[in-house]
Amino acid sequence: MEPKIGIIVCGFTGDRQFVTNPYIQSVRYAKGIPVILPLVRSDRLLDEYTGLCDGFLFCGGGDITPLLFGEEPQTGNGKTDITVDLFQIRLMKRILKSRKPVLAICRGMQILSVACGGTIWQDISLIPGQTLDHMQQSASRSEVSHRIRTERGSRLREYVGSSLFVNSFHHQAVNSPGKNVTVSARAQDDTIEAIEIKDHPFAIGVQWHPECMYRSSSEMRKLFHEFVLHSLIN
């Protein structure tokens with residue numbers, strides 16, 4: 001058997017909803033069946049989505065509307081789409097309640113945090129102290145940018161080890177993680193790089209893009225395989 005993995009649509013480009021190919025490929029390489037879930041406004045269909053799939057992948061994308069985490073817009077906040085935000089947050093809450101596995105990447109990690117009552121730094125420049133440049137300009141998205149360290153006792157450390165190099169394509173970051181959400185990795189500048197819900201079977205958010213490093217990194221392959229495995233046995 002292969003579990004059905006719901007890949008939540010990244011957003012809109014013009015009048016088209018989209019998911020970039022590396023997410024689909026990574027799910028398939030990890031022996032999951034990728035099922036793309038487009039934006040809908042129906043609560044009934046959100047419930048259908050939750051029942052349809054065995055695990056859920058939340059992808060990268062644009063910024064989250066600051067009002068949805070209790071803030072006014074600040075300098076550095078980028079383009080937002082409140083329709084996409086509300087769809088993803090509402091779906092995330094249903095999935096977490098169902099206790100089905102969730103892997104949340106980049107914006108997806110921030111959606112996980114906000115769905116649990118967390119907040120976001122609207123731009124890394126707003127974080128006190130000196131920070132790294134988290135928006136790399138490499139020739140390939142598979143190239144690494146900086147090191148992260150995982151937290152002792154975290155599920156993430158069990159899968160990828162105590163430290164590793166990751167790519168980096170974000171200008172925002174999780175500030176307060178949210179209720180029952182713990183930090184499971186940080187960058188060298190202390191920026192939050194991963195979160196998880198400890199009492200959940202598998203709910204992990206990572207700020208980097210493991211789907212772009214699937215071919216080059218055994219740790220990223222392990223992360224996807226654990227996600228798909230938990231979706232199979234959930």
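**Aromatic pairs, strands and helix faces**

Student: Let's start with Phe-202: does it count as buried or exposed?
Tutor: Keep in mind that this is a predicted model. The cut-off for buried is under 20% relative accessible area. Phe-202 comes in at 0% relative accessibility, so it counts as buried.

Student: How many aromatic pairs does the structure hold?
Tutor: A pair of aromatic rings is described by the distance of the centres and the angle of the planes. Going through the structure for such pairs gives a total of four.

Student: How are the ring planes of Phe-202 and Phe-227 arranged?
Tutor: Their centres sit 5.8 Å apart, and the planes meet at 35 degrees. Stacked would need under 30 degrees and edge-to-face over 60. With 35 degrees between the planes, the pair is therefore tilted.

Student: How many residues apart in sequence are the parts that Phe-202 and Phe-227 tie together?
Tutor: Phe-227 is buried too, at 0% relative accessibility. Phe-202 belongs to the loop between β12 (192-197) and β13 (203-206), and Phe-227 to helix α6, so the pair ties together parts whose separation in sequence is 25 residues.

Student: And Tyr-214 with Phe-224, what kind of pair is that?
Tutor: Tyr-214 is buried at 6% relative accessibility, and Phe-224 is buried with a relative accessible area of 0%. Tyr-214 sits in the loop between β13 and α6, with Phe-224 in helix α6, ten residues apart. The ring centres are 5.9 Å apart and the planes stand at 70 degrees, so this pair is edge-to-face.

Student: Which residues do ring pairs link into a cluster?
Tutor: Take Tyr-214 and Phe-224, whose centres are 5.9 Å apart. Ring pairs bring in one further name, making the cluster Phe-224, Tyr-214 and Tyr-29.

Student: Over to the strands. Which residue in β12 is the bridge partner of Arg-186?
Tutor: β11 (residues 181-187) and β12 run antiparallel, joined by five bridges. Their hairpin has four residues between the strands, and there Asp-190 takes a positive phi near 80 degrees. Across from Arg-186, the partner in β12 is Ile-192.

Student: What about α2, which exposed residues are on the face turned away from its buried side?
Tutor: In α2 (residues 43-52), the buried ones are Leu-46, Tyr-49 and Thr-50. These fall within an arc of 95 degrees, so they line one face of the helix. That face packs against β4 (33-37), β5 (55-58) and α3 (82-98). Turned away from it are Arg-44 and Gly-51.

Student: At the start of α2, which residue's side-chain oxygen reaches the backbone nitrogen of Arg-44?
Tutor: Arg-44 is exposed, on the face of α2 away from the buried side. Its backbone nitrogen has a side-chain oxygen within 3.2 Å, and that oxygen belongs to Ser-42.

Key
Residues numbered from 1 in each chain as written. Heavy atoms only, no water. Buried < 20%, exposed > 50% of the residue type's maximum accessible area, 1.4 Å probe, protein only. Helix = DSSP H or I, 4+ residues; strand = E, 2+ residues; numbered from the N terminus. Arc of directions from axis to C-beta. Contact = heavy atoms within 4.5 Å. Polar contact = N/O pair within 3.5 Å; in protein donor to acceptor, adjacent residues only side chain to side chain. Phe/Tyr/Trp six-rings, centres within 6.5 Å; stacked < 30°, edge-to-face > 60°. Pairing = 2+ DSSP bridges.
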